[in-house]
Amino acid sequence: MGKSGICHMTHTGGCQCGAVRYKVSGDLLDALICHCRMCQKAFGNWGAALVTVEIENLVWTKATPACFRSSEIVTRGFCENCGTPLFMHEDGDRQIEIAIGSLDHPDSIKQLTRQSGVESKLAWFDTMHKLPAETTENYRSAADLAKLKSRQHPDQD
């Protein structure tokens, strides 16, 4: 069983539009949140939720991601069509960090193991869990909900 509390199995995932798909055979390892400024920019968000996998267990099954060198030693992969962030890989590392949200079943990650890059953590991050929670149906009309019908890939091959 990997550090993230997941038994050995096959995991699939990909980008929002479905142009890039992947399969991971083997354990998902360290599941983490990275707050570094590069992850904030790459994900356009507070940071990134990532899970580590052995690079030899990752196969791109439909197309390959476009890449950007975010530093001298780090490559970040994303879908060239829809922009979905997919991975972060440090040169020479035998492991790669996959974006948890790109997994077909992101809720298969049962526990995060750590936070990194906390020197760049946004001040409000630690209080997010205190915000009121509501579903989209609570603040959208039926007409709006009809317009929000997803055009995303269906999270399965």
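## How exposure is counted

Let's start with a word you'll need: a residue is buried when its relative accessible area is under 20%, exposed when that area is over 50%, and partly exposed in between (1.4 Å probe, protein chains only). By that scale, Asp91 counts as partly exposed, at 38% relative accessibility.

What you're looking at is a predicted model, where local features need pLDDT of at least 70, side-chain atom pairs count only at pLDDT 80 or more, and totals for chains, interfaces and linings use all residues. Residues are numbered from 1 along each chain as its sequence is written, and side-chain values use heavy atoms, with hydrogens and water left out.

## Salt bridges

A salt bridge here is a side-chain nitrogen of Lys or Arg within 4 Å of a carboxyl oxygen of Asp or Glu. That rule gives a count of 4 salt bridges.

One of them pairs Asp91 with Arg69, with 2.8 Å between the closest N and O atoms. Asp91 sits in the loop between strand 8 (85-90) and strand 9 (95-99) while Arg69 is in strand 6 (residues 66-69), so the pair ties together parts 22 residues apart in sequence. Strands are DSSP runs (E, at least two residues), numbered from the N terminus. Arg69 is partly exposed too, at 41%.

## Asp30 and Arg114

Which residue does Asp30 form a salt bridge with? Its partner is Arg114, and their closest N and O atoms are 2.6 Å apart. Asp30 lies in the loop between strand 2 (21-25) and strand 3 (31-34), and Arg114 in strand 10 (residues 114-116), so this pair links parts 84 residues apart in sequence. Asp30 is buried, at 10%, whereas Arg114 is partly exposed, at 41%.

Key. Helix = DSSP H or I, 4+ residues; strand = E, 2+ residues; numbered from the N terminus.
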